[in-house]
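Subject: A structure for you to look through

Dear colleague,

I am passing on the structure below, and I would be glad if you kept it open while you read the notes that follow it.

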Amino acid sequence: MEILQLGHELLHKKAEPVKTIGPEYQKIAADLVEALHAGKGIGLAGPQIGRMERIFAVHIEGDVPRIFINPSIIETSKEMAKYEEGCLSIPGLYADVMRPQTIKVQAWNENGKPFNLEVSGLLARVILHEYDHLEGILFTDRLSEPKRNRIIEKYTKQTTRKKT
Ligand code: ZN
């Protein structure tokens, strides 16, 4: 499965809510998890595979794979944390991003079952990163403009060199 890369317009578009979570979402969920494992990532959102729907998969070490459909971030802690992030759509680029330490999220899983989750640390961070993808936001959009320009320029040079 192809993962869209930085520069693709769909990565900057807002995804649509899923209307009905039918049985086909078990397959879509399995495809997302497979692609994130193949890419050695910890999260992958629908728009990254060109599916403009509000669905993402998260799988961090020591946890089970989790699917979020039509998620809402219902609470974020005032306490913030800084941590280095990467993205399967921007391979090889990493930068520190500030995000809330703890969040409460509500969503549906691939079987159409609603759930609530209160999580901290890495899991909260990945959920927020993937949620951003549904809004058309990349982690590089959360950096200061000079920093963003600097690292994207470097990244573009590297990828251009690789292609030639
Ligand atoms: Zn990402």
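Before the strands are described, one term is needed: two strands are said to pair if DSSP finds at least two bridges between them. The strands (E, at least two residues) and helices (H or I, at least four residues) are themselves DSSP runs, numbered from the N terminus.

This is a predicted model, in which local features need pLDDT of at least 70 and side-chain atom pairs count only at pLDDT 80 or more, while totals for chains, interfaces and linings use all residues. Residues are numbered from 1 along each chain as its sequence is written, and side-chain values use heavy atoms, with hydrogens and water left out.

Let me begin with strand β6. Five of the seven residues of β6, which covers residues 102–108, are buried, so this strand is largely enclosed by the rest of the structure; buried here means under 20% relative accessible area, with exposed over 50% and partly exposed in between, using a 1.4 Å probe and protein chains only. On one hand, β6 runs antiparallel to strand β3 (residues 66–76), to which five bridges join it, and Thr76 stands opposite Ile103 of β6. On the other hand, β6 pairs with strand β7 (residues 114–120), again in the antiparallel sense, over seven bridges. The hairpin of β6 and β7 has five residues between the strands, and Gly112 in this hairpin takes a positive phi near 80°.

Within β6 you will find Gln106, whose bridge partner in β7 is Asn116. Gln106 has a relative accessible area of 17% and is therefore buried. If residues up to four places away in sequence are not counted, Gln106 touches Asn70, Pro71, Ser72, Ile74, Pro114, Phe115 and Asn116, where contact means heavy atoms within 4.5 Å.

Which residues form the aromatic cluster, linked by ring pairs? They are Phe56, Phe68 and Phe115. Rings of Phe, Tyr and Trp (its six-membered ring) pair if their centres lie within 6.5 Å, and planes under 30 degrees apart count as stacked, over 60 as edge-to-face and the rest as tilted. The structure holds two such pairs. Phe56 and Phe68 are stacked, at 4.9 Å centre to centre with 25° between the planes, and this pair links strand β2 (residues 55–58) with β3 across twelve residues. Phe68 and Phe115 are edge-to-face, at 5.4 Å and 65°; Phe68 lies in β3 and Phe115 in β7, so this pair ties together parts that are 47 residues apart in sequence. Phe68 counts as buried because its relative accessibility is 0%.

The largest nonpolar core has 18 residues, and among those that touch the most other members are Phe56, Phe68, Ile103 and Val119; such a core is a set of buried Ala, Val, Leu, Ile, Met, Phe, Trp, Tyr and Cys residues joined through side-chain atoms within 4.5 Å. Helix α2 (121–134) is one of the elements that give two or more residues to this core, and its six residues are the largest share.

Finally, there is a zinc ion, coordinated by Cys87 (SG), His129 (NE2) and His133 (NE2) at 2.0 to 2.2 Å. Donors are N, O and S atoms within 2.8 Å of the metal (3.2 Å for Na, K and Ca), and water is not among the atoms, so sites may look incomplete. Cys87 lies in the loop between β4 (80–85) and β5 (95–100) and His133 in α2, so the pair ties together parts that are 46 residues apart in sequence. Cys87 is buried, with a relative accessible area of 11%, and His133 is buried as well, at 1%.

With best wishes
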